[in-house]
Amino acid sequence: MKRTKLLVLALLVCGAAWSQEVKNNKGAIDAKVAELLSKMTLEEKVGQMTQITVTIFEDPAKPGYFDPAKLKQGIQDYHIGSILNVPNPGAPTIQRWQETLTAISNEANKTRLKIPVLYGIDAIHGASYTAGATLFPQQIGLAATFNTALVKRGAEISAYETRASSIPWVFSPDLDFPRNPAWSRMWESFGEDAYLSSKMAVALVDGFEGNDVGSKYSVASCMKHYIGYGSTYTGKDRTPSIIPERLLRQYDLTIYQAAIKAGAKSVMVSSGEINGTPVHSSKHLITDILKKELNFQGVVVTDWKDIIYLYTRHKVAESKRDAVRIAIMAGIDMSMVPEEFSFYTDLVDLVKKGEVPMSRIDDAVTRILKMKFELNLFQNSVANLKDYPKFGSQEHIQEAYNTAAESITLLKNNASALPLNKNEKILVTGATANSMKYLNGGWSYTWQGENSDTYAADKSTILEAFQNKLGKENVLYTPGADLEKEDDAEIQKAVELAKTATKIVLCLGEKNYTETPGDISDLYISRSQIKLALALSKLNKPIVLVLNEGRPRLISDFEDKMAAVVQCYLPGNEGGRALVDILYGDVNPSGRLPYNYPKYPNSLEKYNRKYTESISEGEQNNDAKYEKSYSPQFEFGTGLSYTTFAYSNLKTDKSEITASDEINVSVDVTNSGAKAGKESVLLYLSDNVASITPEVKALKRFDKISLAPGETKTVKFTLNQKDLQFVNEDLKWISEKGTFTIQIGNQKKDFLLK
């Protein structure tokens, strides 16, 4: 007991010392920032607020290499504070990155104050613009793991390999809260649940920034896209949203709040508009809520060209100059201009003429300089490659494989169609069966990810993973269909080959895309692929449907004819290997859907829908027939295993609580099958009566556990008062007395809030 007390005392002392060290370090940085700011001219300050794309400084005759005169002009004449990466001509090696950042650093060191240039990059699922880097599943797959420890570890590796590329700032995590599954950036999000998104956001921020963001193995994170970006009512990218502030606060803001509390250093603003106001022009959203109410102390950066778009696209500004004034006064700190210097010249003029106060400039530059000091850029802005022996290592690759394996989600498995038997003759077919670009998606080596087959040539497509496991001679293959073009001859070829196979693995999905190039007008999977699925189904052979897609493309035309359905999302470079290991039972699947998979394009209800979104049997009139109004293809949280899990003994430590109590919950989970497996234990809460119509249920806690056959574990959760609250019409978080229902698996338990 004495030893325990001494250990606790030692931990408290260490904790206090670390806290004091952080406080001292913050004070030292604040002093350095204030001193540097006092020496800066207006032009140098505005330069710090200017972010220009790297391609502006390139030699036209040598893509990827600087024209020294252009680089000198940007850094010496315009004092630019940040450079944005655009992958032209593609993904450099870490050696080439070192050369690039050395050239930038050398030029910055020739300036009067030697302020380092902050380089930012869309390292979305690993150091995805560096040749040879480890690429993880895209964010939607991370959410499907329901494993925050695994996600944090992946972010640590991504940070390590990004810093090995001499880059200190990543435009991740994506905290968008998509309300329309057609949206082309659905896969960059964590799905449709705000609580799951919040927990995953914290895991990524913690992994990227670590205990010391200035470490040579950490990077500054950038939350995006603040706010409401994923909620366009058209489902198209960068189109308007209509979102009451009550809903923004109930869902979207909670995700950012969690990431800010975790220490996220920067935020990128949404390109969209909410209720007719572009977010880049909203002082209410950027200054009043983000900076003041949420106390965000970091850098607020625009997205691509979005200040200019206030003039050219949104039409709320009379000129580019007017757009700069509006955005800066709304609270923008840094402009991703990114292809010209008009922001710089206009803002200097605005300040000189008194239309933008120097106090607003000083606030923005203070934030930017603070992040540069925190990142330790004044001491070292270029990587020593000897410090990164694990770049692209087998250790890192194994983590990417583990993450892909835990993300892949078994949605259906009739008559134990899976796992496959290695003695079965398998036909592998489908448009996504033999390409790395479909496994990786966008932001992979290039913006749209179209060159993944070249950069990841040493990795395994789904087909190659089958061939590696079984031998080429034992795997039948034909494409069967193009993603878009209909080819009856190719379909017939697949049908003929299928006649000689025992089972069919049908790989369907989408092209690689992101942002506006990924806009679609039809949520159904493409007609060419539907035709292939229907043709093969006529053979009455078991078909395993493998979905390789960034959003849920509708499969209701043929899903009932599939024996098994596996969602692999965009699983990254190790996804093909992980998928095939799951299909053969070498790995037990444990992913769960992070969104409702809709059945029809006009039935896009979320799992936590309101009761009025699904008419009950008792409400139906006898003189009419009703189509079931809530009937997703697969519901949020769906995820099967090759074993079975039994839930029992759901308990709470209180049956009644007051407005200040927590409530402790426990449940026993047993592996009742014959195979070891992992289970995500999801706790849902229902507020049975409320003054704002309550949700049917909402995810409040989750934990992922491993169980051997026959093993039982007791999983414990604690719910607090915030879990019982909702945002009322006065935009206040409140809870109301009444009965709440906890649901875990098939177990339910009520408690009363007095």
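## Helix 7 and helix 8

Helix 7 and helix 8 pack with their axes 8 Å apart, at an angle of about 20 degrees. An angle under 35 degrees counts as roughly parallel, and helix 7 is therefore roughly parallel to helix 8. The two helices make a right-handed crossing. The model described here is a predicted one.

On the side of helix 7, the contact is formed by A194, S197, S198, A201, V202 and V205, and on the side of helix 8 by Y251, T254, I255, A258 and A259. Sorted by class, the contact of helix 7 with helix 8 has eight nonpolar residues, three polar residues and no charged residues.

## Helix 6 and helix 7

Helix 7 also packs with helix 6, which spans residues 148–164; the axes of these two helices come within 7 Å and cross at roughly 35 degrees. Helix 6 passes helix 7 in a right-handed crossing.

In this contact, helix 6 contributes T148, V151, K152, A155, E156, S158 and A159, while helix 7 contributes K199, M200, A203, L204, D206, G207 and F208. The contact of helix 6 with helix 7 comprises seven nonpolar, three polar and four charged residues.

## Helix 18 and helix 19

The crossing of helix 18 past helix 19 is right-handed.

Helix 18 takes part in the contact through D488, I491, A494, V495 and A498, and helix 19 through S528, K531, L532, A535 and L536. The residues of the contact of helix 18 with helix 19 fall into seven nonpolar, one polar and two charged.

## The buried face of helix 3

Helix 3 runs over residues 68–77, and within it L71, G74 and I75 are buried. Viewed down the axis of helix 3, the buried residues fall within an arc of 85 degrees, so they line one face of the helix.

What do the buried residues of helix 3 pack against? Their partners are strand 3 (62–66), strand 4 (82–84) and helix 4 (94–108).

The loop between helix 7 and strand 7 contains K216. With a relative accessibility of 36%, K216 counts as partly exposed. Apart from its neighbours within four places in sequence, K216 is in contact with R163, D387 and Y388. K216 and K713 are separated by 497 residues in sequence and by 40 Å in space, from C-alpha to C-alpha.

The loop between strand 7 (222–226) and helix 8 (245–261) holds I227, and S231 is also found in the loop between strand 7 and helix 8. The peptide bond from Y226 to I227 is cis, with omega near 5 degrees. Is S231 buried or exposed? Its relative accessibility is 6%, and S231 counts as buried. Leaving aside neighbours within four places in sequence, S231 contacts F177, R179, S241, I243 and D252.

P173 is placed in the loop between strand 6 (169–170) and helix 7 (194–209).

## Positive phi at two asparagines

Phi of N376 is near 65 degrees, a positive value in a residue other than glycine. N376 lies in the loop that runs between helix 13 (358–374) and helix 14 (394–407). The relative accessible area of N376 is 31%, and the residue is partly exposed.

N540 also has a positive phi, near 55 degrees, and is likewise a residue other than glycine. Where is N540 found? Its place is the loop between helix 19 and strand 17 (543–548). N540 has a relative accessible area of 71% and is exposed.

Conventions:
Residues numbered from 1 in each chain as written. Predicted model: local features only at pLDDT ≥ 70, side-chain atom pairs only at ≥ 80, totals over all residues. Heavy atoms only, no water. Left-handed = near helix turned anticlockwise from the far one by under 90°. Helix = DSSP H or I, 4+ residues; strand = E, 2+ residues; numbered from the N terminus. Contact = heavy atoms within 4.5 Å. Nonpolar A, V, L, I, M, F, W, Y, C, P; charged D, E, K, R; others polar. Buried < 20%, exposed > 50% of the residue type's maximum accessible area, 1.4 Å probe, protein only. Arc of directions from axis to C-beta. Axes fitted to C-alpha atoms, helices over the stretch in contact; angles between N-to-C directions. Parallel < 35°, antiparallel > 145°, perpendicular 65-115°, else oblique.
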